[in-house]
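Have the model open as you read.

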Amino acid sequence: MKDIFGKALLDFFNGHYTEDIITSTSISAEDELPLIYLFRTFSEMPPLEKKALKLAKGTVLDVGCGAGSHSLYLQEKGFEVKAIDISKGAVAVAQKRGIINAEVLNILDETNAFDTILLLMNGTGIFQELKQVATYLKHLKTLLKSNGQILIDSSDIKYMYEDDDGGFWMDTNSNYYGELDYFISYKGEKETPMKWLYLDFNTLKLACETVGLNCELIAEGSHFDYLARLS
Ligand SMILES: C[S@@+](CC[C@H](N)C(=O)[O-])C[C@H]1O[C@@H](n2cnc3c(N)ncnc32)[C@H](O)[C@@H]1O
């Protein structure tokens, strides 16, 4: 990983903003991810993220914290928060923004237990592909204190396969339709391609059942997105 994402966050934080990150996927064309969005305040967050933050209780782990916007809000509210990310640049930015406990760490290497675990901005993306979901969920379960909760958001991206006639063009012999290859570039530099998983609620619920987690639909967004609580 070249940590293009982290470089872009550091540039933005250090006042060297000139352009946004360009993203594309195996099923969609290039799009801009505005860097300022990754520095959003509570009032600028989508309703599902606001809802998740309002449901937080006890000690919190923010998984894939990015620039640390969710952690910052909760820390300012008095929560004890740990923010982790595999991006060194992201963690550096989270620390510079004032997150007291931020660490470069893969979620699979986390060993402490928490009352609330947050995975936000398509939290299931971190699982990468359907066959890895159970591995991640089993591990997340070991990080929950008794009565703990995992708050995770994602989207059912079936709509992205819909053609003008209302039919769907997905290949039913291929992998799960939410498994995407994800490409990012910034200032002409390309990141190593990543796998990024969107999970519809029912598939997430089924996967939770196989590992003994309860999965509850908390809220649905305006565009096939949802927030779930696993416990
Ligand atoms: C879409 S960004 C979301 C950032 C932040 N949560 C937000 O909402 O602004 C996903 C983040 O997850 C991080 N990430 C990906 N895989 C991870 C893993 N296995 N463990 C920890 N962080 C991971 C990425 O580096 C990236 O910063």
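A residue counts as buried here if 20 or more other C-beta atoms lie within 10 Å of its own, and as partly exposed if the number falls between that and the 12 or fewer of an exposed residue. Keep in mind that this is a predicted model.

Start with helix α1, residues 4-13, where Phe5, Gly6, Lys7, Ala8, Leu9 and Phe12 are buried. What do the buried residues of α1 pack against? Their partners are β1 (21-25), α4 (88-96) and β8 (179-186). After α1 comes glycine 15, with a positive phi near 80 degrees.

The largest nonpolar core has 56 residues, and Leu9, Ala90, Ala94, Ile117 and Leu118 touch the most other members. Beyond its neighbours within four places in sequence, leucine 9 contacts Leu38, Ala67, Gly89, Ala90 and Val93.

Now for the ligand, which is surrounded by 17 residues, the closest being Gly64, Gly66, Ser87, Ile107 and Met121. By type, the shell comprises eleven nonpolar residues, five polar and one charged.

Met121 leads us to the loop between β6 (114-119) and α5 (133-142). Asparagine 122 is found in the loop between β6 and α5 too. Each has a positive phi in a residue other than glycine.

Finally, an unreviewed UniProt entry annotates residues 60-148 as "domain: Methyltransferase". The span is 30% helix and 26% strand, and its end C-alpha atoms lie 10 Å apart.

Technical notes
Residues numbered from 1 in each chain as written. Predicted model: local features only at pLDDT ≥ 70, side-chain atom pairs only at ≥ 80, totals over all residues. Core = buried A, V, L, I, M, F, W, Y, C linked by C-beta atoms within 7 Å. Contact = placed C-beta atoms within 7 Å. Near = placed C-beta within 6 Å. Nonpolar A, V, L, I, M, F, W, Y, C, P; charged D, E, K, R; others polar. Helix = DSSP H or I, 4+ residues; strand = E, 2+ residues; numbered from the N terminus. UniProt positions renumbered as here; feature names shortened; annotations may be inferred.
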